[in-house]
Amino acid sequence: MHMKSVIFVCYPLFNVALCTIPGHYRIVGGHEASINEYPYQASIQFFGRHACGGSILTDRFILTAAHCFEEDYPSKVTVRVGSSRRNSGGAVYDVDKIYIHPNFSDVTYDCDVALTRLKKPLVFGPSVKNVALPSKGTIVADGLVAKASGWGQLFDEGPMSEMLQAVELPVISKDNCEIFYGHTVVSDNMFCAGYSFGGKDTCLGDSGGPLVVSGILVGITSWGGVCAAPRNPGVYTNVPAMTKYIQSIISA
Ligand SMILES: *[C@@H]1O[C@H](CO)[C@@H](O)[C@H](O)[C@H]1NC(C)=O
């Protein structure tokens, strides 16, 4: 794996269970899914190996997380689309440019958004489709049921999934997520999703992947505590807060 290695960031005001593990996101407690149900799901691969999830925005741009690229900046990034499997099937595209949000912080994970531009345009089909972006200012409200998907770990510290997994997670707004992580940790550019009692979550290997409500991309899997543990909901980049930046890249 060329992802950032495990780095524990602990906030001393909280107990150990609230130490965050940036980059550690997988689907836990979900179900196997077909790429035809999630045709916007992409796998961002470093040297041919799955590293992060991504979402197809246009035939040339895949949205993912900025933290997927920090430190171990890869010389060989490819994107697999159109396959329910992370290591085979579908089609693999070369990347010719990576755009990292200029205000991304690898300390706070604020503005955890990046785009990869493909060398050649995607061929769309039943298993390869784009997902709609929300308009700027769309409120990602509490209780909306969001669909997360990816090939990440099936349980904390467990193996990544070979087959695509999906899970439904209720949105927890930034304000209501502060009870879990504190107001200095969850920024205006983030929201949470999951259950206070745990059980369902994203995890390592799901980073960069989509969180979709009613066909609209609202979140990018970013960070969290121990996967699927109580009081450790996943934290997602708020896509409506990033729409202006994303539009500026894909329409340039
Ligand atoms: C980055 O932050 C600065 C200062 O808050 C702001 O003016 C700028 O618009 C931000 N950049 C983007 C792309 O959002």
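Biologist: Which polar side-chain atom lies 2.2 Å from an oxygen atom of the ligand?
Modeller: That atom belongs to asparagine 103. Bear in mind that this is a predicted model, where local features need pLDDT of at least 70, side-chain atom pairs count only at pLDDT 80 or more, and totals for chains, interfaces and linings use all residues. Residues are numbered from 1 along each chain as its sequence is written, and side-chain values use heavy atoms, with hydrogens and water left out.

Biologist: How much of the ligand's accessible area does the protein cover?
Modeller: The protein covers 29% of the 360 Å² that the ligand has on its own, with areas from the Shrake-Rupley method and a 1.4 Å probe.

Biologist: And which residues surround the ligand?
Modeller: His101, Pro102, Asn103 and Tyr245 surround the ligand, where a residue is near if one of its heavy atoms lies within 4 Å.

Biologist: Switching to the strands, why is β10 largely enclosed by the rest of the structure?
Modeller: Strand β10 (residues 165-172) is largely enclosed because seven of its eight residues are buried, meaning under 20% relative accessible area with a 1.4 Å probe and protein chains only. Strands here are DSSP runs (E) of at least two residues, numbered from the N terminus.

Biologist: Which strand pairs with β10 over six bridges?
Modeller: Strand β9 (residues 145-150) does, in the antiparallel sense, and alanine 146 stands opposite leucine 169 in β10; pairing requires that DSSP finds at least two bridges between the strands.

Biologist: What about β11, how many bridges join it to β10?
Modeller: Two bridges join β10 to strand β11 (residues 190-193), and they run antiparallel, with cysteine 192 in β11 as the bridge partner of isoleucine 172.

Notes
A polar contact is a pair of N or O atoms within 3.5 Å; within protein, one must be able to donate a hydrogen and the other to accept it, and residues adjacent in sequence count only if both atoms are side-chain atoms. Buried means under 20% relative accessible area, exposed over 50%, partly exposed in between (1.4 Å probe, protein chains only). Helices (H or I, at least four residues) and strands (E, at least two) are DSSP runs, numbered from the N terminus.
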